[in-house]
Amino acid sequence: MGKFQVIDHPLIQHKLTIIREKNCGTKVFREVVDEIAMLMAYEVSRDMPLEDIEIETPMGTSVQKTLTGKKVAIIPILRAGIGMVDGMLELIPAAKVGHVGLYRDHDTLEPVEYFVKLPADIADRQLFVVDPMLATGGSAIMAIDLLKRRGATNIKFVCLVAAPEGVKALQEAHPDVDIYTAGLDEKLNDEGYIVPGLGDAGDRLFGTK
């Protein structure tokens with residue numbers, strides 16, 4: 001089973017509270033999501049592999065650590081996932097970015113695919129699939145399904161808020177995928193929204209209804 005981790009750093013928890021507040025406006029919501037994503041990127045990249053290289057310091061020759069060049073791609077699930085990309089790129093600027101467009105059918109609550117554009121070499125990359133919400137798990141499962149069909153093998157899922165139902169569904173569908181969230185919430189309501197959650201992340205990021 002992949003790792004499940006709630007990243008409970010005080011700065012992340014503080015910022016998550018700011019965006020949960022219903023009176024948080026679009027500008028602040030967008031900025032704080034960006035900040036949380038950057039802070040989470042620090043944690044989700046913790047096990048990236050290192051190797052030894054020999055360098056010259058002002059004091060002479062020394063063997064030190066460097067990233068092994070494991071290539072990274074950030075894959076937002078459209079549209080809300082876009083809000084987490086820039087923050088992660090702040091820490092991992094060389095990452096490629098792919099896009100997976102899914103929307104949730106409001107009658108069936110099932111995800112529908114409408115757009116996929118990925119780096120050609122995703123099979124060689126560490127993929128961070130990002131979406132602010134892990135609710136039913138349907139969109140995350142579908143996105144990871146299609147990435148695996150295209151050769152991806154090294155996938156981590158990163159969200160801001162998760163419902164227990166979504167975590168369970170994603171773990172059962174993709175037991176090899178690590179899941180990182182800033183908050184594990186109480187439940188899903190009858191409409192498939194996370195409670196207490198933060199509402200519709202896409203609408204709040206982009207000022208739509």
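Apart from residues up to four places away in sequence, Asp 203 touches Arg 79, Thr 208 and Lys 209, where contact means heavy atoms within 4.5 Å. The structure is a predicted model, in which local features need pLDDT of at least 70 and side-chain atom pairs count only at pLDDT 80 or more, while totals for chains, interfaces and linings use all residues. Residues are numbered from 1 along each chain as its sequence is written, and side-chain values use heavy atoms, with hydrogens and water left out.

Asp 203 is found in helix α6; helices (H or I, at least four residues) and strands (E, at least two) are DSSP runs, numbered from the N terminus. The side chain of Asp 203 makes a polar contact with the side chain of Arg 79 at 2.7 Å. A polar contact is a pair of N or O atoms within 3.5 Å; within protein, one must be able to donate a hydrogen and the other to accept it, and residues adjacent in sequence count only if both atoms are side-chain atoms. The side chains of Asp 203 and Thr 208 are likewise joined by a polar contact, of 2.7 Å. With a relative accessible area of 18%, Asp 203 is buried, a class defined as under 20% relative accessible area, with exposed meaning over 50% and partly exposed in between (1.4 Å probe, protein chains only).

The backbone nitrogen of Asp 203 is reached at 2.9 Å by the side chain of Asp 200. Asp 200 lies in the loop between β13 and α6 (201-206). Its relative accessible area is 28%, and Asp 200 is therefore partly exposed. When neighbours within four places in sequence are left aside, Asp 200 is in contact with Arg 79 and Tyr 193.

Asp 200 also belongs to an annotated set: an unreviewed UniProt entry places the feature "binding site" at Ile 194, Gly 199, Asp 200 and Ala 201. From this set, Ile 194, Gly 199, Asp 200 and Ala 201 are in the lining of the largest pocket. UniProt positions are given in the numbering used here, feature names are shortened, and annotations may be inferred rather than shown by experiment. On a 1 Å grid over the protein atoms alone, a pocket is an open set of points where a 1.4 Å probe fits, with protein on both sides within 12 Å along at least five of seven lines; lining residues have an atom within 4 Å of a point. Ile 194 is found in strand β13 (residues 194-195) and counts as buried, at 7% relative accessibility. Beyond residues up to four places away in sequence, Ile 194 touches several residues, among them Met 133, Val 161, Asp 185 and Leu 188.

Strand β6 (residues 99-104) runs parallel to strand β4 (residues 72-78), and two bridges join them; two strands pair if DSSP finds at least two bridges between them. Leu 78 stands opposite Gly 101 in β6. Six bridges join β6 to the antiparallel strand β7 (residues 111-117), and Val 116 in β7 is the bridge partner of Val 100. A hairpin is formed by β6 and β7, with six residues between them, and Leu 109 in the turn has a positive phi of about 65°.

Zero disulfides are found in the whole structure, a disulfide being a pair of cysteine sulfur atoms within 2.5 Å. Cys 24 counts as buried at 13% relative accessibility, and Cys 159 counts as buried at 0%.
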